[in-house]
Amino acid sequence: MTVSNTLKYTPIEAIEDAHATTRKTFMSKKTRPVEYRKTQLRKLNELLSENIPALCQAVNADLSKHPQETTMFEIMALQQHAMEAVELLDEWVKGEEPEAPAPFFTGKRMAIRHEPLGNVLIIAPWNYPLRLTLSPLIGAIAAGCTAVVKPSEVSANTSRVLADLIPKYLDNDAYKIVNGGIPESTKLLELKWDKILYTGNGHVGRIIMTAAAKHLTPVILELGGKSPVIVTKNADIKTAALRITHGKFLNNGQTCIAPDYLLVEKSIKDELIAEIKKKVVENWGENPKESSSYSRVVNHHHWKRVTSLLDRSKGKVLHGNDRDEESLYLAPTIVDLPSAEDSLMEDELFAPILPVVTFENLDETIDLINSKDTPLALYIFTDDEKESNLVLESTRSGGTCVNDVVVHIIPTNLPFGGVGESGMGAYQGKDSFLAFSHRRSTFYNTSDRYIMDDVRTLPYPDPEQAT
Ligand code: NAD
């Protein structure tokens with residue numbers, strides 16, 4: 001991991017200009033034509049395809065992420081999002097033509113027009129710094145909005161590369177990038193936007209929503225949470241181990257929909273843990289510190305936070321726990337918890353630590369999950385549909401997989417978003433387009449003589465005669 005040039009923050013005075021320029025461009029109707037939107041989406045696709053090495057290098061400098069992982073989970077996904085929007089945009093912009101209800105509206109034309117919401121703000125976090133900055137932007141461009149994006153200052157290398165590339169590829173009057181930390185975000189939040197999409201933690205989510213309320217600006221909040229994974233005795237253990245191990249330790253556990261903690265049925269616990277350990281060694285070797293496929297904790301603040309959680313835990317370490325602060329290394333770590341009352345069960349871990357809680361009865365897991373904030377994801381491994389149905393019917397979460405983890409983010413026709421403490425609103429695919437669109441109800445009346453006009457002819461009769 002080499003940290004290159006420091007990130008140049010946008011001067012506070014320039015932030016108002018960025019907002020004014022993008023707003024003026026929106027009002028000029030430049031971003032409305034479908035062909036313009038498609039051109040910008042194609043340019044975004046070019047930005048990605050022509051700069052794969054630079055983008056992978058930047059993400060690697062921020063997170064020690066393997067280029068293949070960045071290419072697969074960020075760049076290729078974004079290219080698919082952009083080009084799918086190009087392909088389907090004509091269909092999406094058509095809007096809806098609901099049937100006019102009889103008798104008063106018979107023969108009349110009604111429409112729900114899909115119109116751009118306006119000038120929008122996108123604030124992104126550091127853990128998938130390309131995807132979480134650019135995927136919402138794809139929705140905003142597709143919808144015909146103008147936008148300012150604020151990547152995370154924590155992933156400074158990627159934010160710097162984006163600051164170089166976005167003005168080179170996209171229409172600089174319509175899409176701008178602002179870089180910085182809290183003062184820059186605070187300035188952005190003072191301004192009036194037509195929508196804000198924020199991805200990050202719930203504490204800042206509340207700051208965003210409070211600032212947005214002053215302008216009655218709608219928000220989408222993509223937050224996190226403690227996403228459980230349940231494995232019952234009716235699961236295929238090898239399959240569960242393979243999928244949980246990858247989903248948990250991918251990006252060093254810094255994935256918003258990573259399984260946060262494991263709830264395992266007592267009778268299969270030893271077998272499942274043995275399989276997960278085996279998979280860890282297969283994926284990252286006996287010493288993951290030497291593996292180029294193993295990422296790092298993002299910075300010293302987070303390294304201290306996660307290692308101190310481990311130090312306070314009452315659990316027994318079953319695997320891992322090797323550390324090196326200088327290189328921000330923490331090995332894939334599995335901890336057996338004597339009970340669910342533990343430092344590792346307080347907040348979202350966002351770390352390569354898998355706490356294990358043992359259960360004997362599925363109802364115990366449901367009670368535990370429901371005693372916590374609603375998670376962004378919930379996973380259950382079982383071949384017994386009664387079990388998966390019971391869990392689905394008895395809990396809430398942003399998204400779910402049965403017999404898998406994380407992959408529900410891939411199909412663009414599944415909306416991605418949280419509920420309760422894990423967020424509000426959703427995007428991806430057509431949902432991204434709709435997230436930045438207004439469904440404008442429109443009634444067309446082409447008749448001079450119309451039955452409703454009788455009702456509008458006043459005065460009303462004498463009330464005594466009318467009743
Ligand atoms: P972060 O620290 O990068 O913060 C996110 C953004 O908020 C940054 O751009 C940052 O500059 C801005 N910010 C920070 N403090 C602010 C303030 N006081 N006012 C205004 N803006 C401010 O990222 P993070 O919050 O550490 O991200 C990790 C969290 O994000 C985890 O909880 C994770 O689960 C969640 N997350 C959610 C999703 C999702 O899609 N739901 C995706 C990724 C991460």
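**The ligand shell and its setting**

Guide: The protein is divided into domain 1 (12-223 + 424-439) and domain 2 (228-411), and the model is a predicted one. Taken over C-alpha atoms, the centres of domain 1 and domain 2 are separated by 31 Å. Contact between the two involves 8 residues of domain 1 and 10 residues of domain 2. On the side of domain 1 that touches domain 2, the residues comprise 3 nonpolar, 3 polar and 2 charged.

Against this background, the ligand may be considered. It is surrounded by 28 residues, of which the closest are Pro-125, Ser-152, Ser-185, Gly-200 and Gly-224. Domain 1 and domain 2 each contribute at least three residues to the shell around the ligand. Sorted by class, this shell holds 13 nonpolar, 11 polar and 4 charged residues. Two helices, α7 (182-190) and α8 (202-214), each supply at least two residues of the shell. The greatest contribution comes from α7, with 3 residues.

As a general background, nonpolar side chains in soluble globular proteins tend to be buried together. For Leu-262, leaving aside neighbours within four places in sequence, the contacts are Val-229, Val-231, Ile-244, Leu-354, Val-356 and Val-357.

Asp-322 is located in the loop between β9 (316-319) and β10 (323-324). Asp-322 counts as exposed because 12 other C-beta atoms lie within 10 Å, the limit for that class being 12 or fewer. Between the C-alpha atoms of Asp-322 and Val-120 the separation is 44 Å, with the two residues 202 apart along the chain.

Finally, the record may be compared with the chain. An unreviewed UniProt entry places the feature "domain: Aldehyde dehydrogenase" at residues 13-439. The end C-alpha atoms of residues 13-439 lie 35 Å apart, and the span is 44% helix and 17% strand.

Notes:
Residues numbered from 1 in each chain as written. Predicted model: local features only at pLDDT ≥ 70, side-chain atom pairs only at ≥ 80, totals over all residues. Contact = placed C-beta atoms within 7 Å. Near = placed C-beta within 6 Å. Helix = DSSP H or I, 4+ residues; strand = E, 2+ residues; numbered from the N terminus. Nonpolar A, V, L, I, M, F, W, Y, C, P; charged D, E, K, R; others polar. Domains from an automatic or database assignment. UniProt positions renumbered as here; feature names shortened; annotations may be inferred. Buried ≥ 20, exposed ≤ 12 C-beta atoms within 10 Å, placed from the backbone.
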